[in-house]
Structure formats: C-alpha cells, structure tokens
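Thanks for coming. I have one structure to show today, and I will keep to a few places in it. Please have a look at it first.

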Amino acid sequence: MITLSDITKVYKNGPLEVQALMPFNVKIEKGEFVAIMGSSGSGKSTLMNIIGCLDVPTAGRYVLDGEEVHTLDEDQLSRVRNRKIGFVFQSFNLLGRQTVLQNVTLPMMYAGISREKRNERAIELLERVGLEDRVKHRPTELSGGQKQRVAIARALTMNAPILLADEPTGNLDTKSSNDIMRLFKEIHQEGTTIVLVTHEPDIAEHAERILLFGDGALLKDTRKESVRS
Ligand code: ADP
Ligand code: ADP
C-alpha cells in the first residue's frame, strides 16, 4: 500500500539546511495499523506530510497504492490525496459555522456527489461513530471526543484506503482518547490501512506495528505478536 524507498528530506532555507529525514526504507501493507512514534523534532510531521502527499521527499521513491507519487506536481498530489487518503488532525479541523452533518458531507460536495447521496452516506457514518443524535449540532456543542468522531466520519466519506491520523488524541482526555483508539481499531478491522502519528507511547501501543523515529532516523520497526484489545 505504501512503499518508501531511500526516502530523505532536507529543508533548505537559503544557506541553511536541515536534514529532517535520513535515508530509510519502509513498506506498509494493505490493512496494517501502524504508529509513527518519536519525540518532538524527530521528523514525524515531515514523514506524515510525505505519506499524506502534502509534500514530496528530497530524494527517494514513494509508491502509494501502485502509483509513483514522489515525482508528482501540486495538482496531481492533490488528486491522489482526495482519492486515497482520509485525514484526521489533532485540532479536529471542523468548520464551526457548519453543522455536524454539513462537516461530514463536505468532501462529498467537492466530489460532486448529489445531496441525497451525501446525506445518506454521512448519516450512515455518523451512526457508525455513534453520533446519529448530533447531526444538527455545531462542533462547539460537542465534547472533544465527539468532535474527533465527526472528523473521523468525515475522513471515511470517500472510502479512502488509507486513514492518516496526526496526534488524533493530543487534545483529548484519557477516556476520550481510549474511545477514539477503540474506534480506530474497529475501522482497522473493517479493512482500512491506518497510519497514526503520535509522541505518546501509550497511544502507539494500540497499533500493530510501531516505527520509532529519532533525530530524523528510523530507529526501530516493531511488530506486535498480538494486538492489545
Ligand atoms: P516532529 O513532527 O517529529 O516534531 P518535524 O518533522 O516537524 O518533527 O521536524 C523534523 C526536523 O525538521 C526538525 O529539526 C525541524 O526543526 C525541521 N523542520 C521541519 N520543518 C521545517 C521547515 N519547513 N524548514 C526547516 N526545517 C524544518
Ligand atoms: P468532555 O467531558 O468530553 O469535555 P463536555 O463536558 O464538553 O465533555 O460535554 C459533555 C456533554 O455535553 C457532551 O455530550 C457534549 O456533547 C454536551 N455539550 C457540551 N457543550 C454543549 C453545548 N454548548 N450545547 C449542547 N451540548 C453540549
């Protein structure tokens, strides 16, 4: 699903250069649940931007779902993103003036799906995340955990094969974090490939596989025998 070969990333600002990622190789198979872990400055956001087709590597090859993406321009990357990746962020990124239902239907509106179809799909997904009684509410009327469930429903609307989550529990209390991790596990069991970026070992533990980064280098690639439930 995701093949990263000899990937490196160097940020250049005039004469200043920062090597954010040292050369590494990683292959993530379809249906895996992977956590990318590391402390602040270890290169997680840089890698997440590359995997999410928001940025391209300085060198190396990235093949996403059979497609070479390391050579694509902005427009092509944006098309790949829309088809292949659902995003979940730490700060939820919901539109405050829109209802829960409108927030979830938004990606489908951009994709030109009819109102009837998008409402039907959004309600199905809101039921899936346990928020069917909140469709008409606005994000400000929801708890943090509920906001994140709306964001997850939105990320699933286009049936993207990959769900990419950046510190999804960073703004949540322990109970809401656990609820969100349980939801990710269910979504994973339904077949979606999940890549989760976190600096918290307790959160990373929920994944089947942990890629540990430090100072831009891949330090460890650990697979679990059995997944903690
Ligand atoms: P993390 O997400 O793990 O905190 P980042 O990927 O944000 O790590 O950063 C990795 C390294 O790259 C850090 O040394 C950071 O300062 C540097 N970096 C990140 N973005 C830029 C940028 N746009 N320009 C220059 N250096 C950057
Ligand atoms: P948390 O303990 O997760 O922070 P809150 O105390 O924010 O949760 O919310 C508890 C419950 O009250 C949630 O079900 C939330 O949806 C609801 N709620 C919070 N704020 C509002 C509001 N302004 N209007 C309606 N319901 C709200």
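I will go through a ligand site, then a hairpin, then one histidine. Keep in mind that this is a predicted model.

Let me start with ligand 2. Which residues are around ligand 2? They are R134, E141, L142, S143 and Q146.

Now the contacts with oxygen atoms of the ligand. From Q146, a polar side-chain atom is 2.4 Å from an oxygen atom of ligand 2. R134 also uses its side chain: an N or O atom there is 3.0 Å from an oxygen atom of ligand 2. With E141 the backbone is involved, and one of its N or O atoms lies 3.2 Å from an oxygen atom of the ligand. On its own, ligand 2 has 560 Å² of accessible area, and the protein covers 40% of that.

Next, the hairpin. Strand 9 covers residues 209-214 and strand 10 covers residues 217-223; the two pair antiparallel, over six bridges. R209 is opposite R223 of strand 10. Two residues sit between the strands, and in this hairpin D215 has a positive phi near 50 degrees.

Last, the histidine. H206 is in the loop that runs between helix 7, residues 201-204, and strand 9. Is H206 buried or exposed? Its relative accessible area is 9%, which is under 20%, so H206 counts as buried. Its side chain makes a polar contact of 3.3 Å with the side chain of K185.

That is what I have for today.

Definitions and conventions:
Residues numbered from 1 in each chain as written. Chains lettered and ligands numbered in written order. Predicted model: local features only at pLDDT ≥ 70, side-chain atom pairs only at ≥ 80, totals over all residues. Heavy atoms only, no water. Near = heavy atom within 4 Å. Polar contact = N/O pair within 3.5 Å; in protein donor to acceptor, adjacent residues only side chain to side chain. Areas by Shrake-Rupley, 256 points an atom, 1.4 Å probe, with all protein chains shown as cover. Pairing = 2+ DSSP bridges. Helix = DSSP H or I, 4+ residues; strand = E, 2+ residues; numbered from the N terminus. Buried < 20%, exposed > 50% of the residue type's maximum accessible area, 1.4 Å probe, protein only.
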